[in-house]
Amino acid sequence: MAYVPTKVTVEVDGRRMKLSSLEKVMYPRAGTTKAQVIDYYARIAPVILPHLRDRAVTRIRFPHGVGDMQFFEKNIPAGTPAWIRRAGRDPVFPLIDDLAGLTFFANLNSLELHVHQWRYEGEGRDAVPRGPDRLVIDLDPGPGTGLLECARVALVVRERLGRIGLDTVPVTSGSKGLQLYAVLPGAHTSDEIRDTVQQLAQELTKAHPDLVVWKMAKELRPGKIFLDWSQNVAAKTTVCPYSLRGRDRPTVAAPRSWDEIEAGADGGELEQLTADEVLDRVARDGDLAAEITG
């Protein structure tokens, strides 16, 4: 007998929608189902929605769960209800600013949510991209390195950005490395921010040649941390804080305290966090990255 996915009609914030295949296993290694993914996004909504607000959202969808096919999706998909806000012309992005929208896209197996460093003003075809309101530095560990080395580089970057009056917020990526964010006034273009961060990466490569590399070339990266400045390019996106990742386990892009990063740089425990761990941390500590929500 052919498999017929189950469907259930729910009401979320006054919006009716059908959820399907809730029993589907999205993370085979952990046994995490689609129902649990939707539950995670519902419970994390109070802290993730401010990070998503007015930002175009690129989704990575996993129709059959992790370990199978996946694809990036920028355009709003066919069948998206009219009540979900849109921005842009080509592509036309969704703006996810409420629990109903978050649930709708989670039901489409959109495990990962990625955003730009700038926000839209307005909506629809006439929406206008504003200047970046933050910069991001992605610390990507090369072969033979991990979060220990990322934490050491993060401390160097924090000190350097602190000299120009920028406070940084660390987020372990849920994948291999971590990101550092700093709030900006929105007065500069993406190209200006990209160039500034690239210069910083070059400077730190000269100062710490055994630990940092600023070029993407794979042959330069063993034993070093790639300081990725390019995610400040206007068209590029970074995984949103609190988004799930499509890894073997349901790990999350998780804001961290500097105490944790300092301990990790000294050889203490510093690991990627799972959805359950992040929910517990938010219940206890709130959003450690609230300052970058604007």
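Contact here means heavy atoms within 4.5 Å. Keep that in mind, since I start with one tyrosine. This is a predicted model.

Tyr 41 touches Ile 48, Leu 99, Leu 102, Ala 106, Ser 110, Leu 111, Leu 113, Tyr 242, Ser 243 and Leu 244, leaving aside residues up to four places away in sequence.

Now the core around it. The largest nonpolar core has 41 residues. Tyr 41 is among the members that touch the most others, along with Tyr 40, Ile 44, Ile 48, Leu 52, Leu 102 and Val 278. Which elements supply at least two residues each? Among the strands, they are β2 (15-20), β3 (25-27), β5 (57-61) and β9 (110-115). The helices are α1 (34-52), α2 (99-107) and α6 (275-285). The biggest share, 10 residues, comes from α1.

Next, the helix pair. α1 and α2 pack at about 140 degrees, and their axes are 9 Å apart. Why is the pair called oblique, not antiparallel? Roughly antiparallel needs an angle over 145 degrees, so α1 counts as oblique to α2. Their crossing is right-handed.

On the α1 side, the contact is made by Lys 34, Ile 38, Tyr 41, Ala 42, Ala 45, Ile 48, Leu 49 and Leu 52. From α2 come Leu 99, Leu 102, Thr 103, Ala 106 and Asn 107.

That brings us back to Tyr 41, which takes part in this helix contact and in the largest core.

Methods. Residues are numbered from 1 along each chain as its sequence is written. This is a predicted model: local features need pLDDT of at least 70, side-chain atom pairs count only at pLDDT 80 or more; totals for chains, interfaces and linings use all residues. Side-chain values use heavy atoms; hydrogens and water are left out. A nonpolar core is a set of buried Ala, Val, Leu, Ile, Met, Phe, Trp, Tyr and Cys residues joined through side-chain atoms within 4.5 Å. Buried means under 20% relative accessible area, exposed over 50%, partly exposed in between (1.4 Å probe, protein chains only). Helices (H or I, at least four residues) and strands (E, at least two) are DSSP runs, numbered from the N terminus. Axes are lines fitted to C-alpha atoms, for helices over the stretch in contact, and angles run from 0 to 180 degrees between N-to-C directions. Angles under 35 degrees count as roughly parallel, over 145 as roughly antiparallel, 65 to 115 as roughly perpendicular and the rest as oblique. A crossing is left-handed if the near helix is turned anticlockwise from the far one by less than a right angle, and right-handed if clockwise.
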